[in-house]
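I am opening a notebook page for this structure. My plan is to look up a few places, one after another, and write down what I find.

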Amino acid sequence: MKNNITLFRFAALLSFLLASFPLSAGNRLEWEAVQGADHYRVIIRQNDQLLLDTPSKDCWLPLFLPPGNYELQIQVINTFGKKVSESPWEPLRIFTSAPPFIAAFSPNEIHQFNLSSFSALVTGWVPSSKNITGSEFYLRNTAGRTIPLIVSPAETSHQSDTNYQNLSLAPAEDLPESGVWSLVMKNPDGKSYEKKDALRIIKNLQPHIKRIKPRFLPFEEQQAGLQMQINNQEEGASVTISGPSEIPVLFVNKSSPNVLNYYLDISSAAAGWYSVSVRNPSGRSHEKNRAFKIYTDQSGGVNGVPAYPHNVYFALTLGLPIRDKKDKKTSRPVYAGFTMGYRQEFLPFSRKSYWLSGFEWEAALESTFPFDKGIVMPEKRIYPMQQSVLLGLNYIIPSDSLYKIQFRIAAGPVLSLYDWKVSIDWQTIVSGGIRLEYKPELYMSFLLGLSSTYYVDDVRKILKPTLEGGWKW
């Protein structure tokens with residue numbers, strides 16, 4: 001129940017509105033503002049003994065006196081510091097103060113750096129200003145560290161009908177990386193309340209997509225399973241697939257904490273490469289470009305391996321002779337040449353396996369000739385112009401990159417010709433390099449190989465840089 005106290009200036013009437021008589025300890029006095037007042041002086045006594053004599057710029061003042069009976073007087077002070085009016089002494093009764101209590105606090109779980117304020121529902125005592133002490137709020141962990149929380153006045157609402165107040169609390173300093181914290185509310189009268197384990201701060205994790213399988217999805221299927229291994233994935237992380245078309249995704253289950261299984265509806269998906277990204281609730285994300293590929297009837301084969309089992313190629317070669325210790329005085333020419341060949345998938349069943357799909361057998365014709373046809377070898381007979389028929393094996397390491405690693409081995413008879421003399425010998429080639437598949441049916445490779453020609457009484461080794469281009473169908 002609120003009582004009104006009327007104050008009279010000696011020559012003029014002034015009115016004040018004093019709040020609630022009697023009051024609970026920890027409550028506050030309220031009165032109407034007086035025009036022309038610079039501030040107010042609040043005086044409280046008990047049994048003629050002065051207990052409180054304090055100025056107040058505001059039209060209210062918190063009370064933290066023990067329960068009991070008191071007398072109250074309010075004086076009006078002008079800008080010159082003179083008293084211009086005062087109220088009569090009025091009885092004031094204070095009951096036992098309401099203890100502080102935190103009914104609710106949210107959010108209860110956050111990620112590091114993701115939140116700047118909290119909300120709380122409390123009762124007991126909160127108001128504060130520059131001149132009046134209010135309740136203190138802070139977070140405290142088991143190690144005793146505290147983080148002060150600031151009550152934002154603009155977001156504080158007082159609900160007198162329920163005695164609960166909705167508050168907005170902002171940390172006065174950066175929150176730590178992780179940990180469990182309690183929320184403490186402490187009033188100026190020394191009473192406090194602690195809400196245990198009110199907040200859990202989770203350290204931000206950087207997700208990483210380590211593996212996705214299969215990398216090639218069969219075009220025949222209406223739905224396909226996709227398994228992803230994602231490290232540092234937080235609870236509630238989202239997975240997004242982007243590419244030539246939208247693909248409906250359904251999460252199935254987790255094989256392990258880091259391995260997730262999905263169903264993809266690829267019945268109407270467009271052919272091409274698709275990227276996968278994962279985003280943690282903390283805000284960090286990782287994207288794996290060209291994560292998997294979908295092939296249509298026109299561009300795909302079994303297990304999504306491209307349906308290009310045949311290819312032809314043309315290559316330009318350069319031969320750099322390798323000298324051995326006994327040939328230091330032997331003059332050797334530099335060779336140039338070209339190769340034409342045909343390649344085909346090694347065996348039909350190899351296309352059913354992703355890693356075996358890179359094998360091809362080949363047949364090739366190779367021609368080499370010296371830059372200077374007039375060179376004569378002083379100690380050894382050699383036939384520098386050569387025509388070779390080669391059979392070999394080619395392997396392209398499967399990869400989702402445009403650049404792939406290529407290995408080649410080949411062997412076959414070689415027809416050596418010099419000064420109209422003919423010799424049939426044997427040749428082997430071992431080489432490796434990089435292939436660029438800039439279109440599904442076109443490629444270009446750079447290889448560095450070692451060619452060995454076995455004569456009746458000699459072995460000649462040549463280092464062969466090779467540039468080749470091919471067409472697949």
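**Entry 1: strand 30**

I began with Q386, which lies in strand 30 (residues 385–396). Helices (H or I, at least four residues) and strands (E, at least two) are DSSP runs, numbered from the N terminus. I am working with a predicted model, where local features need pLDDT of at least 70, side-chain atom pairs count only at pLDDT 80 or more, and totals for chains, interfaces and linings use all residues. Residues are numbered from 1 along each chain as its sequence is written, and side-chain values use heavy atoms, with hydrogens and water left out.

Is Q386 buried or exposed? Q386 counts as buried, because its relative accessibility is 6%. The cut-offs are under 20% relative accessible area for buried, over 50% for exposed, and partly exposed in between (1.4 Å probe, protein chains only). I then listed its contacts (heavy atoms within 4.5 Å). Leaving aside neighbours within four places in sequence, Q386 touches E366, S367, T368, V414, L415, S416, T453 and Y455.

G392 is also found in strand 30. G392 is buried too, since its relative accessibility is 17%. With neighbours within four places set aside, G392 is in contact with E360, W361, E362, I409 and A410.

Next I looked for cis peptide bonds. One joins S106 and P107, with omega about -5 degrees. P107 sits in the loop between strand 10 (101–106) and strand 11 (109–111). Another cis bond joins K213 and P214, with omega about -5 degrees. P214 is in the loop between strand 19 (208–213) and strand 20 (216–217).

Then I turned to positive phi. N232 is not a glycine, yet its phi is about 55 degrees. N232 lies in the loop between strand 21 (223–231) and strand 22 (238–242). N232 is partly exposed, because its relative accessible area is 40%. R290 is not a glycine either, and has a positive phi of about 50 degrees. R290 is found in strand 26 (residues 285–294). R290 counts as partly exposed, at 27% relative accessibility.

In what order do the four strands of the open sheet run? I read 19-21-24-23, with antiparallel pairing. Two strands pair if DSSP finds at least two bridges between them. Strand 19 and strand 23 (249–256) stand at the edges with a single partner strand each, so one side of each has no neighbour in the sheet. Strand 23 pairs with strand 24 (residues 259–265) in the antiparallel sense, over six bridges. Within strand 24, Y262 stands opposite F251.

**Entry 2: V334**

Last, I looked up V334. V334 lies in the loop between strand 27 and strand 28 (335–345). V334 counts as partly exposed, because its relative accessibility is 31%.
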